[in-house]
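This report covers aromatic side chains and the surroundings of a ligand. The sequence and structure come first.

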Amino acid sequence: MNMIDLINKKQHGKSLTRDEIRYFISEYVAGSIPDYQAAAFLMAIWFTGMTSQETGELTLAMAESGDQIDLSEIPGIKVDKHSTGGVGDKTTMIVAPMVAVCGVPVAKMSGRGLGHTGGTIDKLEAIPGLSTELEIDQFISQVREINLALAGQTANLAPADKKLYALRDVTSTVDQVALIASSIMSKKLASGADKIVLDVKTGSGAFMKTVDEAIALAQIMVNIGEHAGRETVALVTDMDRPLGMMIGNSLEVEESLQVLRGEGPADLAVLCRQLAANMLYLAGRGSLEQCGQLAEEAVNSGRALETFALMVAAQGGDAAYIRGEKTFDRASQSYTVVAASSGFVHFIETDDIGRAAGLLGAGRSRKEDAIDPLAGIILHKTLGDRVTEGEPLVTLYYNQDEQLREAVERTEGAFVIADEKAKVRPMVLARVTAEGVEMTCSDL
Ligand code: URA
């Protein structure tokens with residue numbers, strides 16, 4: 001077998017065998033296939049696509065390229081969750097304790113933010129003292145004790161994906177559904193959960209701009225899960241507006257705590273309830289409706305908040321921030337953007353809001369960049385809201401002002417105010433399972 005033949009085969013749209021895919025992954029990780037051949041191969045895949053069989057094989061080969069976490073010492077069905085990435089997406093910090101208090105163990109490994117989207121690990125690290133670098137034994141024993149651990153991915157989790165993702169990033173081959181699906185699912189399969197709930201975002205702040213594209217990606221990932229024997233359900237959810245009203249690491253922890261206290265914005269609370277209900281459903285806790293009620297009770301009883309506090313303490317963090325005995329600091333400076341005209345917020349270029357938060361210090365454009373946990377944005381108005389000229393739209397929080405001007409310009413340009421009211425979609429637009437696609441018309 002040699003790489004030139006494989007590139008040529010894919011260039012002409014032919015299907016690769018399991019052995020050919022495994023050869024590519026193992027030799028690329030070992031360093032014997034150079035980046036220029038791997039890049040040509042990725043570009044051929046970008047143009048000609050992959051069959052579902054090839055996508056499944058690629059995912060398994062990447063999942064098996066490094067550590068595979070064994071969660072069998074944790075009793076019960078372990079259900080994982082993953083979001084394809086959005087702006088203000090803090091659902092893991094809310095959903096994980098909701099599910100854990102209903103008796104379903106959550107042993108979750110998460111990633112850091114890159115580009116305009118945030119990552120759960122950066123958000124959790126905004127809690128003073130908290131560590132996400134858990135040894136695997138500690139991770140498992142914490143879940144056995146309190147049913148919940150949120151940790152960073154081990155360094156050797158799906159190394160093939162790590163190497164290929166970095167190459168895709170610089171060869172304009174990220175946005176290919178089979179490559180996105182195999183990248184996400186390889187990490188989920190290697191993380192060891194029995195079942196998986198995916199949150200596939202669609203809209204101006206998401207990778208998949210249309211509902212149809214998001215459903216297509218969801219279907220591929222659900223099929224990969226089935227192929228690997230891990231039941232998978234995907235919700236296709238709205239990202240035409242930031243999720244909730246707060247963006248930035250520490251601010252997103254604050255807003256998550258609001259939701260765990262039964263307060264907080266309705267869009268975020270609704271999505272968290274639905275994600276938690278689907279995780280509980282996969283764990284066999286009843287019908288979706290019953291699972292929705294269980295999830296709601298987990299919040300209303302205060303138990304989800306307390307479980308989150310226990311997790312924070314177990315990971316070295318100061319739980320007084322979670323229990324409301326201490327309040328989070330805010331960045332030293334702020335700047336408020338006001339509405340230039342009256343009307344309704346008709347459109348938000350959501351990824352520009354994410355990029356603006358990044359420019360203030362909340363995100364990184366290169367892996368090695370440091371982030372400022374206090375930098376971020378609070379929205380005063382969101383999609384569909386009425387505004388009058390001069391009224392505050394958003395407040396930007398920052399400690400460093402080098403990129404403030406650009407952040408302000410991006411934020412101002414992101415809001416379109418018009419006379420007619422925008423049509424605000426329900427949060428959950430579709431539910432994709434191995435059986436098919438159900439379109440959702442309302443959040444109720
Ligand atoms: N997230 C991933 O982990 N991989 C992709 O390819 C895209 C988003």
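## Aromatic pairs

F24 is buried, with a relative accessible area of 2%. Y28 is buried as well, its relative accessible area being 1%. In this predicted model, both residues belong to helix α2 (residues 18-30), where they are four residues apart, about one turn of the helix.

The count of aromatic pairs comes to four. For F24 and Y28, the ring centres are 5.7 Å apart and the planes meet at 10 degrees; planes under 30 degrees apart count as stacked, so this pair is stacked. F24 and Y28 form one aromatic cluster with F41. Y321 and F328 are both buried. Their ring centres lie 5.0 Å apart with the planes at 40 degrees, so the pair is tilted.

## Charges over rings

K163 lies over the face of Y28, 4.3 Å from the ring centre. R330 has its charged end over the ring of Y397, at 5.5 Å from the centre.

## Ligand surroundings

Y165, R168, I180, S183, I184 and K187 surround the ligand. By class, this shell holds three nonpolar, one polar and two charged residues. Helices α8 (159-169) and α9 (177-190) each supply at least two residues of the shell, and α9 gives the most, with four.

An N or O atom in the side chain of S183 is 2.6 Å from a nitrogen atom of the ligand. The ligand taken alone exposes 240 Å², of which the protein buries 86%.

Conventions:
Residues are numbered from 1 along each chain as its sequence is written. This is a predicted model: local features need pLDDT of at least 70, side-chain atom pairs count only at pLDDT 80 or more; totals for chains, interfaces and linings use all residues. Side-chain values use heavy atoms; hydrogens and water are left out. A residue is near a molecule or strand if one of its heavy atoms lies within 4 Å of it. A polar contact is a pair of N or O atoms within 3.5 Å; within protein, one must be able to donate a hydrogen and the other to accept it, and residues adjacent in sequence count only if both atoms are side-chain atoms. Accessible areas come from the Shrake-Rupley method with a 1.4 Å probe; for residues, only the protein chains shown count as cover. Ala, Val, Leu, Ile, Met, Phe, Trp, Tyr, Cys and Pro count as nonpolar, Asp, Glu, Lys and Arg as charged, and the others, Gly among them, as polar. Rings of Phe, Tyr and Trp (its six-membered ring) pair if their centres lie within 6.5 Å; planes under 30 degrees apart count as stacked, over 60 as edge-to-face and the rest as tilted. Buried means under 20% relative accessible area, exposed over 50%, partly exposed in between (1.4 Å probe, protein chains only). A charge sits over a ring if NZ of Lys or CZ of Arg is within 6 Å of the ring centre and within 35 degrees of the ring normal.
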